[in-house]
Amino acid sequence: MERLSIEFMPAEGALVRMLGLVERRGYVIRKVAADEHADGGSLIIDVEPRDPGRRVQVVAGQLGRLIEVTSVSLEPRRAGSPT
Amino acid sequence: MSATAAQIAPAPDAKAASGARLVVEALEREGVKHIFGYPGGAIMPVYDALTGSSLKHILVRHEQAAALAADAYGRVTGRPGVCLATSGPGATNLVTGIANAFLDSVPMVAITGQVGMPLLGTDAFQEVDIFGITLPIVKHSFLIRRTQDIPRIFAEAFRIATTGRPGPVLIDLPKDIGTAVVVPDEIELADEPVQPLDEAAIAVANALIGEASAPVLYFGGGVAIARAESALRAFAERTGIPSVATLKGLGGIPTDAPNFLGMLGMHGARAANIAIDNCDLLICVGARFDDRATGKLDSFAPRAKVIHLDGDPAEIGKLRVPEVGLAGDLTTILDRLTATPPIAGWASRCRAQKAMWAPRYDAPGQGVYAPALLKQLSEAAGDGAIFTCDVGQHQMWVAQHCRFSRPQAHLTSGGLGTMGFGVPAGIGAILAEPEATVITISGDGSFMMNVQELATIRRYRLPLKIVLIDNSQLGMVRQWQELFFEENFSEIDLSDNPDFSEVAHSFGIEAFTIDHRSEVPDAIRRLLGTSGPILCHVRIDPRENVWPLVPPNSSNVQMMEKGW
């Protein structure tokens with residue numbers, strides 16, 4: 001399990017765009033927490049790769065090129081660990 | 001960064017105007033000359049505002065062609081091609097073209113009409129969530145909910161489409177937003193941050209280059225996107241490093257440059273694949289380790305260290321983790337790679353392989369041998385020509401046998417592999433570069449996917465030269481069924497094709513048919529000597545295959561060759 005912490009500028013479709021990207025790039029989303037204000041938002045996603053060949057740094061990089069995203073950081077998680 | 005059109009306009013004393021008028025003014029401000037589109041209900045306010053503007057609208061006969069023509073326009077000019085469609089089916093018909101631009105990183109702005117705001121989400125007539133449908137295939141997208149935002153959103157869309165790694169941007173415009181009359185908000189766009197070069201990585205890269213004994217330069221479509229051909233050529237010349245290109249990289253270094261070994265990969269040149277297999281340093285410039293280029297990834301350049309240069313940081317390490325990754329402006333980075341390796345013997349061996357495995361054109365029989373025809377046509381057309389391709393066997397023959405001295409001379413659907421790309425792309429290329437000789441190479445399967453665009457060619461008297469290579473089959477599928485599905489030929493027969501010359505004639509386009517190789521020289525002369533649009537229908541042997549070929553899931557050096 002890995003945790004992606006994303007800071008973003010709120011915009012129509014931003015959450016769907018980010019979550020969709022993570023799923024399409026080969027990850028199962030296990031947990032989501034989002035917080036959005038007028039001047040910024042944060043999204044925390046716990047993900048698991050669908051196959052062992054996936055490197056979470058790659059999907060972090062792809063999130064980072066979305067227009068609304070201002071930063072992405074990674075935190076390793078163990079399956080079942082408390083949030 | 002210099003001021004963009006958006007930063008200097010509109011004037012603070014902007015007057016009230018309808019949303020549709022603001023759309024047209026925004027496009028004019030961005031320097032748009034041509035728009036490819038098709039009208040319909042929800043986009044009618046914009047069509048109403050188009051009359052009397054400086055914008056030249058090209059009425060296609062299917063919205064997919066609008067998007068594909070805009071794609072080609074963007075590839076040639078480096079500026080976003082613009083396509084316009086109504087809501088619902090008009091918008092969904094754009095989807096393939098938008099995806100095509102996304103996969104090949106082409107700047108595009110796609111504008112769709114939408115039902116009025118009160119009807120959004122009610123399953124109204126011709127309502128579809130095109131914003132949601134296209135989320136995975138756009139660089140970015142907007143649904144305009146305030147008419148005042150139109151100038152800003154268009155300015156952002158054009159900037160997003162062109163900066164960094166280019167791509168398509170969708171703007172969905174509800175009908176009532178287009179009819180409302182407002183005073184627009186002023187535009188304020190922040191400057192794009194410029195990332196500093198990683199000096200430590202530059203130093204490591206130079207050290208690796210300096211000590212390499214068998215380096216290869218592997219470049220792709222990112223070179224053309226960054227307009228970095230000059231820097232790439234200068235780097236290749238000062239280092240003497242042998243080079244190979246992806247399908248989309250062709251033209252980055254001229255085909256006939258001595259150290260250019262050809263296209264690599266599934267249908268690549270054997271010399272290119274052998275060089276990759278033997279290299280000890282792979283310098284990847286604007287390429288992405290695509291499976292069609294690498295074959296089995298873990299056997300691709302198996303002994304090589306990798307330096308990866310790309311305009312998009314997310315590409316570095318995506319499929320192969322490099323020893324050195326350098327993200328940023330390719331010209332700036334290439335100019336800083338100044339080490340020169342002592343590789344005269346290696347380069348000489350690569351050139352010898354290139355000569356040894358050069359393509360043969362002495363095919364048996366008297367029928368038209370498509371690779372020979374394409375080679376002769378390319379030589380006769382010269383450096384000023386632009387080739388647009390469809391997808392299939394002919395696409396690979398163009399890549400293998402035509403010569404390109406600039407990337408914009410070879411417009412091909414590399415990532416998505418869109419059958420039907422060729423003719424609309426030819427339309428876009430002619431309008432983008434009217435002085436060029438534009439030649440579309442198509443196949444009988446692909447041609448029928450956008451055959452209606454012959455009407456567009458006729459309407460605007462676009463001097464497109466179409467070479468339709470007809471094997472009365474879906475040739476590439478048939479080739480794979482022959483080689484990898486035990487000759488179980490399934491649904492590849494197109495022997496009931498129409499008479500393509502008659503089809504062209506019915507659209508008012510000059511056309512002729514050849515089926516013998518002795519007719520090729522006259523056919524080329526007629527094609528290139530005709531001032532208007534013309535179609536040359538070429539019947540070929542349906543059993544002809546594309547060689548060489550790397551079987552799926554194999555190393556690139558396990559190439560199958562033709563039998564003669």
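In the predicted model, A:Ala34 has A:Leu43 of β3(A) as its bridge partner. The two strands concerned, β2 (residues 27-37) and β3 (residues 40-49) of chain A, pair in the antiparallel sense over 10 bridges.

The contact between the chains draws 13 residues from chain A and 12 residues from chain B. On the side of chain A that touches chain B, the elements giving two or more residues are α1 (14-24) and α2 (56-64) of chain A. Of these, α2(A) provides the largest share, with 5 residues. Classified by residue type, this side of chain A comprises 3 nonpolar, 6 polar and 4 charged residues.

Within chain B, the packing of two helices was examined. Two packed helices are described by the angle between their axes and the distance between the axes. The axes of α17 (residues 370-381) and α18 (residues 393-401) of chain B come within 9 Å and cross at roughly 50°. The crossing of α17(B) past α18(B) is right-handed. On α17(B), the residues in contact are B:Ala370, B:Pro371, B:Leu374 and B:Lys375; these meet B:His394, B:Trp397, B:Val398, B:Gln400 and B:His401 of α18(B). By class, the contact between α17(B) and α18(B) consists of 5 nonpolar, 3 polar and 1 charged residues.

Notes. Residues numbered from 1 in each chain as written. Chains lettered and ligands numbered in written order. Predicted model: local features only at pLDDT ≥ 70, side-chain atom pairs only at ≥ 80, totals over all residues. Axes fitted to C-alpha atoms, helices over the stretch in contact; angles between N-to-C directions. Helix = DSSP H or I, 4+ residues; strand = E, 2+ residues; numbered from the N terminus. Left-handed = near helix turned anticlockwise from the far one by under 90°. Contact = placed C-beta atoms within 7 Å. Nonpolar A, V, L, I, M, F, W, Y, C, P; charged D, E, K, R; others polar. Pairing = 2+ DSSP bridges.
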